[in-house]
Structure formats: structure tokens, C-alpha cells
Amino acid sequence: MASCVRVWLNRTYAENVFFMDQVRRNPGDRAVEIHATHGDPDSPVLAAADTAELEPEGLSPAAYVEYALAQCARRGIDVFVPRLHQGAIVAHRAEFEAVGTALLAPPPEAVAVFHDKVIAYEAVQAIGVPVPPWWRVRSADELARAVDELEARGHRACFKPASGAGGVGFRVITRAPFSLTQLNGFPSPYVPLDLVLEAVRQAEEPVDWLVMPVLEQPEVSVDCLTGPDNRVRLAVGRTKNGRRRGFTLDERWLEPARRIAEGFGLHHLSNIQFRMFGERPVLMDVNTRPAGGLHQLSLCGVNAPWAAVRLALGDDPGEMSPPFLGQDYSVVSGPRPLRPVSVPQQRTDLPADVPAPALSGVPAPAVPAPDAVPRAAADSGQARVTAADAVAGGPAAWGTHHR
């Protein structure tokens, strides 16, 4: 009988509760135990895990690697899916292997290339993948020149941090003065150029932004599973066009994604995003981690998280293709249970050799026994988990367009 597989996700996105669900519902009925750590006690991934701990705050990348190695050894982790401090962790792959843990992440060289969007754009251009025009700006004068040039070419300008994940920091430049228009309705990604220039001039440190044209829909996120031999096992595109979502195997999107995944050794799971610039697809971003929407491939009959765990364990799933493409769909938010406010509840039926979780150093208020605490989601935004990155068209959806 195959042994139980122990998987750890560290400080990951709330959407990865679905990643965890799929690993448990694997086709071979392999026993799985999931460990999760996070800095937020109200993260839904802690409630979804079999065992959970709060992470220490303020650790340097090197200290976090030591913490992670200790977690893997103490918990008997077979597969570690790192998000926080991914670059530092993969640089110590041999040390994790020495304690019996496989890293579900690319090698450090690949992580380094795609940590900085400017380096990434230059690198993929060198292998023939088209990218939009872009400017790296660090001052108000550089920003003004880049916006002027883009607008002279007939484009709307936008900017985002040169490094970072998700839609954090993405804004669209407008020449319209600040008015009640910006204060009505939902928060908008549009920011007046004069206010941005003044903020940059007043900043104590230079900014590090990528300025580029606003790209058009559809947005296509290609989820890739790549082996350590640099050969892609699975590539499926997920399309976004307003609220409508769907799937594609069109080589316009898949061929450049494969070229990137294989050319840069994006081992295990990666997500490569494209949008339209004029009449052609161009690269928008590359994520060296599983995408929050990866679970949506289940609508095509594919369990990508489990295939990735198999690959990390040396059990190569071989080349995969979806048996069918699911119908178009939309995503909506829904409730997920949270842990009680006090000490994170733990499963009581784990093997005796699994140690109890580390407890917080902050005394917790007295609460009823865990069995008496309702496992209900709160009404706050933190307690809700979307089925993908955001509800398309909602107030947060714009941030996913230029990750």
C-alpha cells in the first residue's frame, strides 16, 4: 500500500484551498495530508489544511530557509510548494532533498529571471516571444517622457511595479483632473498623471515601475507543467474576456508559452500570461508558481495539482492533454470556513509520530472547545474566497489585467 503523501503550502493565496482540494481528490485515491502555514490566522488555507501553524514574522530570506527546513524535517514533508521567499528556498534545493523533501518549484535561475519584469521581457524577446513596448522608470521626468511617447503613438499608458505578483500597484494613467468622477462608484484603476508625478517627486526613494500601453482582451493564462528535463507535460490556456471565462488550445498562445517554459526551465507548475497588442498576442507576465485559477482546469477533466505532486515525487505523469474543453463559465465568490479565533484547530486522528503544532506566543482568550465553535465564514472580505483571482468585472478585477 502506498504511503501517505505530506504536502506543505507556505503563506499561499486563499484560492489555493482549491489546489488542496484537488490534491486530496487525486485519481489514484492516494492518502494525502496537507500542512499549511500563514501569517494571517484568518487565512482560509489554514482551515482547509490537516495541520496548520502561524508563521513567524520578520524573518530574513536566509532565516526563513532555516525555518522551512526545520518544518520539513519535523513534519516529514514529502512535497513543499513554496510561495513566500521562493527564490531563497529553491537555492537550497539540495538541503531540502537531504531531509526528504522535494520542492515543487523551478530552479533558482528561472525564478531570478522572472522576478524582475524588465529582465524577463528582455530574456523572452531574445528567444523570439513578442512583448509590448515598455519603459523602466525611476523618476517623475522618466515617467512623463514614457507617457508622452505612448500617447503620441495613440496608446493609453499604464504602470506597474517592475517586480511583484498579482495586480498590486497596477494603474492606468489619465489626463483628466481629479474630481468626483474618481470618487463615485467602485474604486478605479485610473489615476491623474499630475497627481502621480507629484507623488513621485515627493517620494523619499525612487520608484521602480514598468510603463507600457494598456493591453486589450482577451487575456490568456497558460498553465504549464514542465518536467526537470525541460519538456512540457501539460499546457492549457484559460481565457478571460470580461466576465466570460473559457479554455483554449490555440497554438497562438500555447506555442510561446511552451517556448518560455522549456527555454528557461520553468520546472513543475508555472503560469504564463498574454494579452493582445494590436492584432497579436504579447507576453504580459510569467509566474513561477501555480496560478490561483489552476483548479479551473478540472472543468476540462484535468487534475493539474496532483500531476505536479506526482512529478515532484519522481512519478512522471507523461505528456497530458485535456480529454475535452469545458464550457465557458464565470466565477463568483463564496464562503469558506475559518479556524476558531484562538489556537488553530488540528486534526486529532493523525499518526502518533506527527508532532503537535507550535502555538502562538500571544495568549489567546478563553473560547469554547473546538467542537462547539461554529465553522462559519465571516462576512469580511478576508473570509471570502473567490473561485479565481477576482469576480470578473468587480471592483478588484481590474488588478488582474496587468500582473
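**Helix packing and local features of the predicted chain**

The chain contains 11 helices and 17 strands, where helices (H or I, at least four residues) and strands (E, at least two) are DSSP runs numbered from the N terminus. The model is predicted, so local features need pLDDT of at least 70 and side-chain atom pairs count only at pLDDT 80 or more, while totals for chains, interfaces and linings use all residues. Residues are numbered from 1 along each chain as its sequence is written, and side-chain values use heavy atoms, with hydrogens and water left out.

Of the 403 residues in the chain, 51% are buried; buried means under 20% relative accessible area, exposed over 50%, and partly exposed in between (1.4 Å probe, protein chains only). Among contacts (heavy atoms within 4.5 Å) between residues at least 6 apart in sequence, 67% join residues at least 24 apart.

Two packed helices are described by the angle between their axes and the distance between the axes. Axes are lines fitted to C-alpha atoms, for helices over the stretch in contact, and angles run from 0 to 180 degrees between N-to-C directions. Angles under 35 degrees count as roughly parallel, over 145 as roughly antiparallel, 65 to 115 as roughly perpendicular and the rest as oblique.

Helix α1 (residues 17-24) packs against helix α11 (residues 304-312) at an angle of about 70 degrees, and their axes are 7 Å apart. Helix α1 is therefore roughly perpendicular to α11. The crossing of α1 and α11 is right-handed; a crossing has this hand if the near helix is turned clockwise from the far one by less than a right angle, and is left-handed if anticlockwise. On the α1 side, Phe 19, Gln 22 and Val 23 meet Pro 305, Trp 306 and Val 309 of α11. The contact of α1 with α11 comprises 5 nonpolar, 1 polar and no charged residues. In this classification Ala, Val, Leu, Ile, Met, Phe, Trp, Tyr, Cys and Pro count as nonpolar, Asp, Glu, Lys and Arg as charged, and the others, Gly among them, as polar.

Helices α6 (residues 108-115) and α7 (residues 117-126) pack at about 105 degrees, with their axes 5 Å apart. The two helices, α6 and α7, are therefore roughly perpendicular to each other. Val 113, Phe 114 and His 115 of α6 form the contact with Lys 117, Ile 119, Ala 120, Ala 123 and Val 124 of α7. By class, the contact of α6 with α7 holds 6 nonpolar, 1 polar and 1 charged residues.

The axes of helix α8 (residues 140-152) and helix α9 (residues 193-202) cross at roughly 155 degrees and come within 9 Å. Helices α8 and α9 are therefore roughly antiparallel to each other. Helix α8 contributes Ala 140, Asp 141, Leu 143, Ala 144 and Val 147 to the contact, and α9 contributes Leu 193, Val 196, Leu 197, Val 200 and Arg 201. The residues of the contact of α8 with α9 divide into 8 nonpolar, no polar and 2 charged.

Backbone features were also examined. A cis peptide bond, with omega about 5 degrees, joins Gln 217 and Pro 218, and Pro 218 is in strand β11 (residues 216-226). Arg 11, a residue other than glycine, has a positive phi near 35 degrees. Arg 11 is in the loop between β1 (5-10) and α1 and counts as buried at 15% relative accessibility. Phi of Asn 230, also a residue other than glycine, is positive and near 65 degrees. Asn 230 is in the loop between β11 and β12 (232-241), and is partly exposed with a relative accessible area of 32%.

Arg 259 is in helix α10 (residues 251-263) and is partly exposed, with a relative accessible area of 29%. Not counting residues up to four places away in sequence, Arg 259 touches Ile 127, Gly 128 and Val 129. Val 332 is in the loop between α11 and β16 (333-335) and counts as exposed at 59% relative accessibility.
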